[in-house]
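Have a look at the model, try each task, then read the solution.

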Amino acid sequence: MRFRSALTRAAALGAAAVLAATALTACGDDGSTSEAANPYGLLQAGVLRAGTLTDAPPNVYLKDGTFTGFDNDLLTAVAGKVGLKVEFVGTDFSALLAQVNNHKFDVGSSSITITEARKKTVDFGNGYDFGYFGLDVPAGSPISGFEQLAGKRVVVVQGTVQDDYATREKLNPVRVPDYNGAINQLKAGTADAWIAPAEIGDTSAADSKGKIKVAAKQLSPAPTAYAVAKGNDKLREALNKGLDEVIADGTWSRLQAQYYPGRPIPADFTPGSGTVAVPSPSAAS
């Protein structure tokens, strides 16, 4: 009887060990399967949820209910190269970087200039575009350059590099949450000038029916890039890979020509990793 009891206990222990090992193996398989299905840690596997703006053409904007613009069309092409679809969601620029790092969005797409301060909140991919500061003023304004802004009522979109510039130059800027707010201030005559991304300033002036004009432009000091949460290296590297591929196949050049016709590319600017040739717009079309 004692011998049988010992055998029974041994069998039970052995069965328990097999079950435990099976459970551990199953857990390991679930984790591996989950990681394989969603290698970039996205909010939804296979879908890149992108925070963007609705009112900043030609960079990022809504047209007939669809998010478009250079940055967003480029991101769609980049994501496609690594097997992802993009879901765009509108937000304010002042909240965008925090929302990316808090994982409300997988990526931020909004002509985001790389700065040391912003690197404390998010990680950036390789630069995909350059930009100019534009100076928009009401029609009839005597302002013709950035050096004339001291003592003027200057409006900027909160949290942008234009905000940084105005603050650094001690202009005591008026901060608004979005580009429409800045445009409305100029039209109403409650601001003397708006420091804007030049392409957005150009479009806004052209659409203002003569109420706004572009007074000056100057090259922005750093490239723009897509933002991802701190530490999400797999997603950042995937977007860098996709960006190089859309540069190589001519998509980047085609979109540049489509959204910024005639805009010269600075000699010292190279998009992406710098390891792939950039086709001319004519070769890409």
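## Cavities and cores

Strand 6 gives 4 residues to the lining of the largest cavity, the largest share. (Strands are DSSP E runs of at least two residues and helices H or I runs of at least four, numbered from the N terminus.) The model is predicted, so local features need pLDDT of at least 70 and side-chain atom pairs 80 or more, while totals for chains, interfaces and linings use all residues. Residues count from 1 along each chain as its sequence is written, and side-chain values use heavy atoms, without hydrogens and water.

**Exercise 1.** Find which residues lie nearest the centre of the largest cavity.

*Solution.* Start with the space: about 190 Å³. Next, take the lining of 22 residues; Ser111, Thr113, Gln162, Pro197 and Thr224 lie nearest the centre. Finally, sort the lining by class: 10 nonpolar, 9 polar and 3 charged residues.

**Exercise 2.** Work out which element gives the most to the lining of the second largest cavity.

*Solution.* This cavity holds about 60 Å³. Its lining includes Tyr226, Arg236, Leu239 and Leu243. Strand 13 and helix 7 each supply at least two lining residues, and helix 7 gives the most, with 4.

**Exercise 3.** Find the residues that touch the most other members of the largest nonpolar core.

*Solution.* Among the 30 core residues, they are Leu48, Phe70, Leu74, Leu75, Val107 and Leu239. Now look for the main contributor: helix 7 brings the largest share, 6 residues. A second, separate core has 27 residues, including Leu97 and Tyr179.

How values were computed: Core = buried A, V, L, I, M, F, W, Y, C linked by side-chain atoms within 4.5 Å. Buried < 20%, exposed > 50% of the residue type's maximum accessible area, 1.4 Å probe, protein only. 1 Å grid on protein atoms, 1.4 Å probe; cavity = no way out; pocket = protein on both sides within 12 Å on 5 of 7 lines; lining within 4 Å. Points joined across faces, edges and corners; volume = space filled by probe spheres on them. Nonpolar A, V, L, I, M, F, W, Y, C, P; charged D, E, K, R; others polar.
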